[in-house]
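Reader: Hey, I've just opened this one and could use a quick tour. Can you walk me through it?

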Amino acid sequence: MSMQKAQRQMSANAGREAVGQGEALAVTSSDEAFCPRHATGDTGSALLQAALTTENLRRAFKRVRANKGAAGVDGLDINQTSRHLASAWPRIREQLLAGTYRPSPVRRVTIPKPDGGERELGIPTVTDRLIQQALLQVLQPILDPTFSEHSYGFRPGRRAQGAVLAAQAYVQSGLRVVVDVDLSKFFDRVNHDVLIDRLRKRIDDAGVIRLVRVYLNSGIMDHGVVQSRSEGTPQGGPLSPLLANVMLDEVDKELERRGHCFARYADDANVYVRSVRAGERAGDGAAAALLCQVAPRGQRRQKRGGQRLWP
């Protein structure tokens, strides 16, 4: 399905849901239900309207509940948020459609990495996880088909095993030297302006672009102090992996343009070549150019040369 066709389909679905404008979250004995109410100040954003339909929000809340997770900066867990949204959702929805919604900062936490060091996470409030999940459910079917077939991370139906199998196939074909292209702390260094520009080229929807921008700019709270951010997409929110793939797809496309055999999982990409000399050229040339695309202000690092897998 082309992106344009998918967006037209989303728009048609949103039109059919017009009677459901302004759904409020009401708690029932079994699960959350969204009750129709009229909203004003609509931005005319078809994709945003599709994200906020009753059925999509129900699905999003079920996924947020299934994923569990800790409370955000407001201290509300999933059940407390459900009760809060029973009265607050109509106002929040109107703000979302009017473009005036401002998400809460994410709560900064750190977890140990298997290979040492720490990984930074940003935990959104349950309300913002619900909104991000609803957005993800309408954006992913449009964006994911445009991503490279060599990308295996954070994608439906794809996993690390696929990247391993691709790597094995390259090696068995004689490409026994690997160049490890590694973005250092990629999620902390994503340039917001570059990300928005690349998203806008794929999604022609002002309401969605505006909402993604305010999420990127929402800041991070650490020990009670809110820090503003002009770069970085802290891991922890439902949208973060999809936005990372929007950025890293540019890397994939450049590797394809250069004719490289490669496999990428999240922010790690391995390029497979036949000789150490070819690996050095790929590592010193292609990797540096590719990393500049993702970190345009010089915030980049590369592992030089090629590492032989077998003698």
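Author: Helices (H or I, at least four residues) and strands (E, at least two) are DSSP runs, numbered from the N terminus. This is a predicted model, where local features need pLDDT of at least 70, side-chain atom pairs count only at pLDDT 80 or more, and totals for chains, interfaces and linings use all residues. Residues are numbered from 1 along each chain as its sequence is written, and side-chain values use heavy atoms, with hydrogens and water left out.

Reader: In which sense do S8 and S9 pair, and over how many bridges?

Author: Antiparallel, over five bridges, with S8 covering residues 261–265 and S9 residues 268–273. Two strands count as paired if DSSP finds at least two bridges between them. Ala 263 has Asn 270 in S9 as its bridge partner, and Phe 262 has Val 271 in S9.

Reader: What's the strand order in the open sheet?

Author: S4-S3-S6-S7, four strands with mixed pairing. S4 (118–123) and S7 (225–227) are at the edges with a single partner strand each, so one side of each has no neighbour in the sheet. From one strand to the next, the twist averages 40°; axes here are lines fitted to C-alpha atoms, for helices over the stretch in contact, and angles run from 0 to 180 degrees between N-to-C directions.

Reader: How many bridges join S6 to S7?

Author: Three, and the two strands run antiparallel, with S6 at residues 220–222. Met 221 has Val 226 in S7 as its bridge partner.

Reader: Switching topic: is H5 largely enclosed or left open, and why?

Author: Largely enclosed by the rest of the structure, because 17 of its 18 residues are buried (under 20% relative accessible area, with exposed over 50% and partly exposed in between, using a 1.4 Å probe and protein chains only).

Reader: And where's the kink in H5?

Author: At Gln 137, shortly before the proline Pro 141, and the kink is about 30°. That bend is the angle between axes fitted to the seven residues ending there and the seven starting there.

Reader: At what angle does H5 pack with H8?

Author: About 140°, with their axes 12 Å apart; H8 is residues 206–216.
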